[in-house]
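Have a look at the model first.

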Amino acid sequence: MDYKALAGRLFPTIDKTPDYWEEKYPPRDLKDGARVTRFAPSPTGFLHFGNLFTCLVSYKTAKDTNGVFYVRVEDTDQKRKVEGAIEVMLKGLSVYGIVPDEGVVGEDEQVGDYAPYYQSQRKEIYQTYAKSLVEQGLAYPCFMTPEELDEIRTAQENESIKGIWGKWAKHRDLGFDEVERRLENGEAWTLRLKSPGTLDGKCRFDDLIRGKIEMPENVQDVVILKSDGIPTYHFAHAVDDHLMRTTHVMRGDEWIASVPIHLQLFRVLGFKPPKYAHIAPIMKEENGGKRKLSKRKDPEAKVTYYAEQGFPKESVTEYMLTLANSNFEDWRRMNQNESIDKFPVNLKKMSVSGALFDMVKLTDVSKNVICKMSADKVFDLSYEWAKEYDSDLAALYEKDTARATAILNIDRENKKPRKDIAKWNDIPDYISYMYDETFVPCYDLTGNATPALAVKVLEKYIDAVNLDDDKDAWFGRMKDICPLVGCTPNVKEYKQNPDAFAGHVGDVSTIIRVALTGRTNTPDLFAITALLGESTVKARLEAALNHYKEEV
């Protein structure tokens, strides 16, 4: 067989050689140890939480080593393309600080020396390498029809190895004249790899997460170019990862089964393969078992869910790092004020069985993140969220932004800030008692506070309350009321002789708290009282007093 003649007949318009592309896309000038990673989505429009998680690991792997993270769009299947999908994905990544150094950075924008980063624009490159394989006798045209392929699939139902190989690779050794005859007849063809694999051969590789893996070697003559000249994923990714000088590939563990094909392609093409890290899927508990996080069943599978709920990007990123590495939480405790950029992700510490998604854990992580934010930051971020997702909250803020910020600053910016807010959609309820429009009275009492005691306390407090007091004077007035209503200002004294008193100063403050906020547990009551203002304070105290009088 004259393989060069065959290659020329199959690819008459390809006049470049692999050397041309090797020179055009030379090895990157990076320091030793720098890793080049990528995100290679199909333009289908949906960014799954698992995609975001994998991207974060890939991005951190590059950044932790002063390497490069790029985006390459695998759009060879144009029938599945969704307009605007790439913009949606890139925006979803950027929200969480994942911004590519190069590649596709916008729907119609590419940056970097290894462009084009759309596979649909790289057809000539793929065909150059495909032609080279034919010239070396390592690939061949296959003219099997869909009907013939169906017949083979039926015949292989009970075979352990399926696909085109061995006796089923009927066109592997066609002569030049036969190929020419079929081409002249206009028969459609695909280009298949002439697999060098053997039945007893082994594929061995060191997965960066799972360790050493051994699998049967690939023996299938896989399609590398479809009948329209467009490459399959297997072939395109091998050429692209080589020419874009990718060093590490983070991807889902469903691709482990394809590793023998991929490593064989790299070897046949004469490329050094990247190192693979196969990430287990994010799992979720259900009915005592575990299953994969599902975009059909789980709203949290969609990355936009977190923005809609108002989880700050910092919270989601911190949570993902707890899923990525079990030692992140220890690191965070030791480095409470450090940027997460300084935490080095260790691929070997990633879960082999799949990290478990836990909304309670995310909520706790987010409370810790938000409690450390300044009031100005909480206001700015929650206001931006409210303008898109909660117009009522935005309107409350806009009435008096300084007052809104002060409300959010109650019990904040101190050594032990409260952790009431996990996400921005918690804020409307959290601050509802601070606005007359949203305040819902509730006069339920706890402890020793009874309606009868409440009447006595409120009658005294209405006359005594003074919003010009500082905190000590304010609390002093509360203590002064205690003996007048049969209570003690000293909690310890009450515990020593509870029968001698109707209650203690804590019960008195509970009555006032419930009257003003409708709640028994709130941030600092002094700050709340000051921000409510005199007219609101007096009106709520009067309303509560009238209510308790009716109960008594």
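Glu413 sits in the loop between helix H16 (401-408) and helix H17 (427-430); helices (H or I, at least four residues) and strands (E, at least two) are DSSP runs, numbered from the N terminus. This is a predicted model, where local features need pLDDT of at least 70, side-chain atom pairs count only at pLDDT 80 or more, and totals for chains, interfaces and linings use all residues. Residues are numbered from 1 along each chain as its sequence is written, and side-chain values use heavy atoms, with hydrogens and water left out.

- Most residues other than glycine have a negative phi, and most peptide bonds are trans.
- Glu413 isn't a glycine, yet its phi is positive, near 60 degrees.
- With 52% relative accessibility, Glu413 counts as exposed (over 50%; buried is under 20%, partly exposed in between, using a 1.4 Å probe and protein chains only).
- Asn287, also not a glycine, has a positive phi of about 50 degrees.
- You'll find Asn287 in the loop between strand E12 (283-286) and strand E13 (289-292), and at 78% relative accessibility it counts as exposed.
- Ala115 and Pro116 are joined by a cis peptide bond, with omega about 0 degrees.
- Pro116 is in the loop between strand E4 (109-111) and helix H5 (123-135).

**Helix packing**
- H3 (residues 49-63) packs against H11 (residues 313-324) at about 80 degrees, axes 10 Å apart; axes are lines fitted to C-alpha atoms, for helices over the stretch in contact, and angles run from 0 to 180 degrees between N-to-C directions.
- That makes H3 roughly perpendicular to H11 (65 to 115 degrees).

Note on methods: Parallel < 35°, antiparallel > 145°, perpendicular 65-115°, else oblique.
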